[in-house]
Amino acid sequence: MTPQFALLTAALSAMLLTTLLGFFLVPVLRKLNYVQTIKNNGPAWHSSKNGTPTMGGLMLIFGSMIALVVTYSLLVKKIPEMSDGIWQQTGKGLSVAILFALANGVIGFVDDFIKVKKQRNKGLSVRIKLLLQLVVVLVFLIVLQQNAMLTTWVQLPGIGLFDLGVAFYPLSYLLILGIVNAVNLTDGVDGLASSVTFLAMLGFLVIAALLGWYYMGLYAAALAGGCAGFLCWNFYPAKIFMGDTGSLFLGGAVAAIAYAIGHPELLLILGLVYLLEALSVMVQIVWFKLSKGKKLFKMTPIHHHFELSGWSEIKITAWFSGAEIVCVVIALIFAYISY
């Protein structure tokens with residue numbers, strides 16, 4: 001098995017497993033009454049989605065992780081030298097990246113579990129969720145630092161290599177937390193978060209492979225396949241929602257891959273769609289306070305603004321995906337020129 005074939009195998013097997021898991025998980029969640037309670041302050045027509053099974057992120061997590069572990073094991077077995085030297089270091093980075101994503105997924109699972117058990121749209125309090133995420137991010141950065149997988153040097157577009165020094169750590173805190181929660185905010189209409197993340201993972205896959213980080217490429221390939229498989233169930237009209245279980249897991253994975261390959265600046269490009277979603281919320285809040293009650297957008301995150309402007313969920317997903325494709329192309333060009 002060549003590394004290139006392994007990437008394709010990881011993606012296709014993750015897609016197949018995730019899709020098949022849906023046939024088991026959707027009826028089970030419906031039977032357990034683990035369903036979504038829709039907020040009454042959103043678009044009125046979203047009320048029709050009440051009762052849709054949630055926590056579908058579980059099928060994405062299990063499908064992609066099983067595919068990743070199996071493909072990884074076969075790759076190391078077929079190519080023994082991949083367990084030595086540089087490969088051992090990249091394998092360690094893969095473990096850290098997986099655990100970080102899973103830790104965020106666990107936080108999302110607890111949040112979802114509270115929601116479905118109490119039949120409400122509010123799970124963990126914002127303070128507790130943020131505290132848990134801060135701890136997880138801190139441990140993630142410490143582990144990377146202790147294993148010499150973290151550097152304060154970043155490649156900034158138009159500037160080149162730049163040492164952020166001690167400022168790197170608080171900025172990393174903000175960037176990682178921002179990306180994780182921005183992916184969560186992006187999960188607002190059917191198929192949106194999984195479509196954008198599928199494309200982002202393709203970008204990470206190509207860049208990681210070109211830089212020789214094949215294990216991280218495997219991770220991105222498995223997640224891309226998992227997102228594609230999940231889309232079979234989540235594309236409009238959604239038969240299941242990923243919930244915070246899936247969105248926080250994906251957010252953690254996006255951030256983890258960028259940091260594990262040593263290029264966190266890629267989050268500013270490949271994660272731009274997510275960041276704009278989060279930025280729209282912050283701008284709305286600031287504008288609302290400064291203008292004494294006026295709104296800049298009809299509703300945030302910004303995909304809801306377009307929805308209230310008459311765009312269908314399919315159109316929103318298509319245009320946002322198109323924007324992410326542009327981001328992927330820019331990221332590839334940037335990586336080719338800079339790395």
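The legends below describe close-up views of a predicted model.

View 1. Aspartate 112 lies in helix 3, which spans residues 85-118. This aspartate is buried and yet has no salt bridge, because the nearest side chain of opposite charge, that of lysine 115, is 4.1 Å away, whereas a salt bridge requires the charged atoms to be within 4 Å. The side chain of aspartate 112 does, however, reach the backbone nitrogen of aspartate 244 at 3.0 Å. Leaving aside residues up to four places away in sequence, aspartate 112 touches Met55, Met242, Gly243, Asp244 and Thr245.

**View 2. The hairpin of strand 1 and strand 2.** Strand 1 (residues 153-156) pairs with strand 2 (residues 160-163) in the antiparallel sense, and four bridges join the two. Tryptophan 153 has aspartate 163, in strand 2, as its bridge partner. Three residues stand between the strands of this hairpin, and glycine 158 takes a positive phi near 80 degrees.

**View 3. Phenylalanine 168 and tyrosine 169.** The whole structure holds 12 aromatic pairs, and one of them is the edge-to-face pair of phenylalanine 168 and tyrosine 169, with 5.5 Å from centre to centre and 90 degrees between the planes. Phenylalanine 168 is buried, at a relative accessible area of 3%, while tyrosine 169 counts as partly exposed at 32% relative accessibility.

**View 4. Tryptophan 311 and tryptophan 319.** The ring centres of tryptophan 311 and tryptophan 319 are 6.1 Å apart and their planes stand at 45 degrees, so this pair is tilted. Tryptophan 311 counts as partly exposed, with 25% relative accessibility, whereas tryptophan 319, at 55%, counts as exposed.

Key: Residues numbered from 1 in each chain as written. Predicted model: local features only at pLDDT ≥ 70, side-chain atom pairs only at ≥ 80, totals over all residues. Heavy atoms only, no water. Buried < 20%, exposed > 50% of the residue type's maximum accessible area, 1.4 Å probe, protein only. Lys, Arg positive; Asp, Glu negative; His and termini not counted. Polar contact = N/O pair within 3.5 Å; in protein donor to acceptor, adjacent residues only side chain to side chain. Contact = heavy atoms within 4.5 Å. Pairing = 2+ DSSP bridges. Phe/Tyr/Trp six-rings, centres within 6.5 Å; stacked < 30°, edge-to-face > 60°.
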